[in-house]
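Student: Please show me the model, and let us then discuss the contacts of its side chains.

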Amino acid sequence: MTSTLQKFCYSQLETVLKGLPSGTYFNVIQYDRSSVKVFQQPALASRTNTDVAMNKVSSTWREDYSPRTDPIEWLQKFRE
């Protein structure tokens, strides 16, 4: 996944989460080697919970992806 695509996906998720109506509960499922919920239980939409979710999902690609990484090779890990 290119850096541009990562930034696009990040911005789209952030837009959706910030647009959730007051009183809404949400969760984000992070896909890495397996699927993992960001929160154990759905979380109430708030600035704090949105920030927690955004930091959590962005940490995966920041940790092991760089612009020099072959995107096809990098994505193969998700199929294993």
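Student: Is R47 buried or exposed?

Tutor: This is a predicted model, in which local features need pLDDT of at least 70, side-chain atom pairs count only at pLDDT 80 or more, and totals for chains, interfaces and linings use all residues. Residues are numbered from 1 along each chain as its sequence is written, and side-chain values use heavy atoms, with hydrogens and water left out. Buried means under 20% relative accessible area, exposed over 50%, and partly exposed in between (1.4 Å probe, protein chains only). At 55% relative accessibility, R47 is therefore exposed.

Student: With which residue does R47 meet in a salt bridge?

Tutor: A salt bridge requires a side-chain nitrogen of Lys or Arg within 4 Å of a carboxyl oxygen of Asp or Glu. The N to O distance is 3.4 Å, and the partner is D51.

Student: Which residue forms a salt bridge with E14?

Tutor: E14 is partly exposed at 23% relative accessibility. The closest N and O atoms are 3.4 Å apart, and the partner is K18.

Student: How are the rings of F26 and F39 arranged?

Tutor: Rings of Phe, Tyr and Trp (its six-membered ring) pair if their centres lie within 6.5 Å; planes under 30 degrees apart count as stacked, over 60 as edge-to-face and the rest as tilted. The count comes to one aromatic pair. The centres of F26 and F39 are 5.6 Å apart and their planes meet at 85°, so the arrangement is edge-to-face.
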